[in-house]
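Hi everyone, thanks for coming.

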Amino acid sequence: MSEQDHDRVERELSLLIRQARTLMVTSASTVHAGLELSAYATLRLLDTEGPLRASTIGERFALDKSTVSRQLSRLIDWGLVERTPDPSDGRAHLVAITPTGHARLTGVSQQRKGEIRRLLEQWDEKDVAEFGRLLELFNQSNS
């Protein structure tokens, strides 16, 4: 691959990351005004993986205990998550998304998917499929 091709990939990937970040910030504020991006990521993690310990959330996102605690307190106050006793360890607690939190995430996800469909509606179906395949390939090479 030429240097010019590498530069183009880096430039376009940087633009894609900026656009994705903007979309995530908008999504977070749609779930709840003032919701920080990392707290939004926590909410999404709980929605996909189920109840987790706060320490596990901190490890997943490389956040310190005080940051996770502050974020969880806000999410609890807003009714988006709840703490429940850990059945495997009575001294510990799990954090789980509430039905309200799940419903808000689902609504935001539907809006986000609609926006992506709108952006791609003029594309040929084969190009959309190829774009998805290439993004998947790129993401798999990074894990």
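Let me begin with a definition: a residue is buried under 20% relative accessible area, exposed over 50%, and partly exposed in between, using a 1.4 Å probe and protein chains only. By that scale Thr-106 is partly exposed, because its relative accessible area is 31%. Thr-106 sits in helix α5; helices here are DSSP runs of H or I with at least four residues, strands are E runs of at least two, and both are numbered from the N terminus.

A word on the source. This is a predicted model, where local features need pLDDT of at least 70 and side-chain atom pairs count only at pLDDT 80 or more, while totals for chains, interfaces and linings use all residues. Residues are numbered from 1 along each chain as its sequence is written, and side-chain values use heavy atoms, with hydrogens and water left out.

Now the core. A nonpolar core is a set of buried Ala, Val, Leu, Ile, Met, Phe, Trp, Tyr and Cys residues joined through side-chain atoms within 4.5 Å. The largest one has 19 residues, and Tyr-40 and Leu-43 are among those with the most contacts inside it. Helices α1 (3–31), α2 (37–49), α4 and α5 (99–120), along with strand β2 (89–97), each supply at least two residues. Which element gives the most to this core? That is α2, with five residues.

On to the open spaces. On a 1 Å grid over the protein atoms alone, a pocket is an open set of points with protein on both sides within 12 Å along at least five of seven lines, a cavity is a set where a 1.4 Å probe fits but cannot get out, and lining residues have an atom within 4 Å of a point. Points are joined across faces, edges and corners, and a volume is the space filled by probe spheres set on them.

The largest pocket holds about 1200 Å³. Of its 25 lining residues, Glu-12, Leu-16, Gln-19, Phe-131 and Leu-135 lie nearest the centre. Helix α1 brings the largest share of that lining, 10 residues.

The second largest pocket has about 180 Å³ of space, and α3 gives the largest share of its lining, four residues.

Finally, there is one cavity of 30 Å³ or more. The largest cavity holds about 40 Å³, and Gly-34, Leu-35 and Trp-78 are among its lining residues. Helix α4 (65–77) contributes the most there, three residues.
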